[in-house]
Amino acid sequence: MKDAPAKPVLKPRTRAVHAGTRRSQYGEVSEAMFLTQGFVYDSAEAAEARFIETGPDEFIYGRYGNPTVAMFEERIASLEGAEDAFATASGMAAVNGALVSLLKAGDHVVAARALFGSCLYILEEVLTRYGVEVTFVDGTELDQWRAAIRPETKVVFFETISNPTLEVIDIAAVADLAHAVGAKVVVDNVFVTPVYSNAIAQGVDMVVYSATKHIDGQGRCLGGVILGSREMIRKTVEPYMKHTGGAMSPFNAWVLLKSLETLDLRVRAQADSTQTIAEALQGQPGLSRVIYPGLSDHPQHALAARMMERSGTVIALDIEGGQEAAFRFLNALKIITISNNLGDAKSIITHPATTTHQRLTEEQRDRLGITRGLVRLSVGLEDPEDLIEDLMAALAAARSA
């Protein structure tokens, strides 16, 4: 018998448009949105059989799965190079689901201390409340990972590029240390995006995204996703998520599914603009630091260049004069919007010390490099020349008072 011809290996942009597509009997071009909380069975016996074992294209209840959500999961898994994915209600539902589904009382976690404020809350407040021990390290120092990881360590957790100070962590090196004791590696990959991600190939066991960011990229809805092996997603993550109610809604899945079609085009344009803006701002009066992994003076510039094709869409700026000057700078911007999201088509800026990381003590912020003058700029799809002009005028306004 003749072997079936091999399927072509499709490029990422093609997979972003076609992967995971399911068509109904109507043959629609745009993916269908299945706004239903449940599903009908042909008989009582069919219902019993489905609860015993759900087939590959069968569904039980919206909290367990949905055809539109499944399309999003399959498409993002294809882009990430993962076997499977579970879509969640938000990015933080993904972080919580990945960590809690892997851990129990008495387990040990090692995490980079440079993390988004809500991630720190889960590690410091939620996990420890239930008997999980957490050790924090400077994520850029391999010796600290080596010293902290021990035989009872079950999970290591970090952001590939940290929020908001843009430290870059050596994924492969940390993964090797974790796997030596049997620990799982969970990475928040938001700043890298699926376009530039190579996390699973470098040894990561679970990748989490806030799909609210670049994946949607247009400020419309919340969403998150956990990616990994089929066994980990379906046997570890799915049971926890479906019973605790963190599933993505089909409407949000449809929005995010359509967003994936343009993700590559958007993120590449944003990354190009980000590099241009970071270079233009270097050495400008009123700035004590321009932090971007794509700049040669970034401490992990060489590592970033080795790990990913581009350095992302976010820049951190340290304004001379502290919070007062930073606020003058923010308030003088005309095009760039003050908000706490990132990865949007619109350029967005925030002051982490008083917003995303305000719950931290001053000592914690100082240790992380989150000064009172630090602002985080997420570069959108506007013309970079317009954004540079806006930023320069705002810097002048911040200095003039």
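Analyst: On a 1 Å grid over the protein atoms alone, a cavity is a set of points where a 1.4 Å probe fits but cannot get out, and lining residues have an atom within 4 Å of a point. Here the largest cavity is lined by Thr-160, Ile-171, Asn-189, Val-192, Tyr-196, Ser-197, Asn-198, Ala-199, Gln-202, Met-307 and Met-308. The model is predicted: local features need pLDDT of at least 70 and side-chain atom pairs count only at pLDDT 80 or more, whereas totals for chains, interfaces and linings use all residues. Residues are numbered from 1 along each chain as its sequence is written, and side-chain values use heavy atoms, with hydrogens and water left out.

User: Which residues lie nearest the centre of the largest pocket?

Analyst: A pocket is an open set of grid points with protein on both sides within 12 Å along at least five of seven lines. The largest pocket holds about 770 Å³ of space. Of its 32 lining residues, Thr-54, Gly-55, Glu-58, Arg-234 and Glu-238 lie nearest its centre. Helices (H or I, at least four residues) and strands (E, at least two) are DSSP runs, numbered from the N terminus. In this lining, α2 (44-52), α3 (67-80), β1 (84-88) and α10 (230-244) each supply at least two residues, and α3 gives the largest share, 5 residues.

User: Which residues touch the most other members of the largest nonpolar core?

Analyst: In soluble globular proteins, nonpolar side chains tend to be buried together. A nonpolar core is a set of buried Ala, Val, Leu, Ile, Met, Phe, Trp, Tyr and Cys residues joined through side-chain atoms within 4.5 Å. Buried means under 20% relative accessible area, exposed over 50%, and partly exposed in between (1.4 Å probe, protein chains only). The largest core has 93 residues, of which Phe-72, Leu-99, Leu-123, Trp-145, Phe-157, Phe-158 and Leu-227 touch the most other members. Helix α11 (residues 250-281) gives the most to this core, 8 residues. Apart from it lies another core, of 27 residues, including Ile-277, Ala-325, Phe-329 and Ile-336.

User: Is strand β12 largely enclosed or open to the outside?

Analyst: Strand β12 (residues 374-378) has 5 of its 5 residues buried, so it is largely enclosed by the rest of the structure. Leu-374, Arg-376 and Ser-378 point one way, while Val-375 and Leu-377 point the other way. Two strands pair if DSSP finds at least two bridges between them. β12 pairs with β9 (residues 314-319) in the antiparallel sense over 5 bridges, with Val-314 opposite Ser-378. Strand β11 (residues 348-350) is also antiparallel to β12, joined by 3 bridges, and Ile-349 stands opposite Leu-377.

User: Which residues are joined by a cis peptide bond, and where does Leu-166 lie?

Analyst: A cis peptide bond joins Asn-163 and Pro-164, with omega about 10°. Pro-164 is in the loop between β4 (153-159) and α7 (171-179), and Leu-166 lies in the loop between β4 and α7 as well. Leu-166 is not a glycine, yet its phi is positive, about 60°; it is buried, with a relative accessible area of 1%. Thr-193, in helix α8 (residues 193-196), has a positive phi near 75° and is buried, with a relative accessible area of 1%.

Definitions and conventions. Grid points are joined across faces, edges and corners, and a volume is the space filled by probe spheres set on the points.
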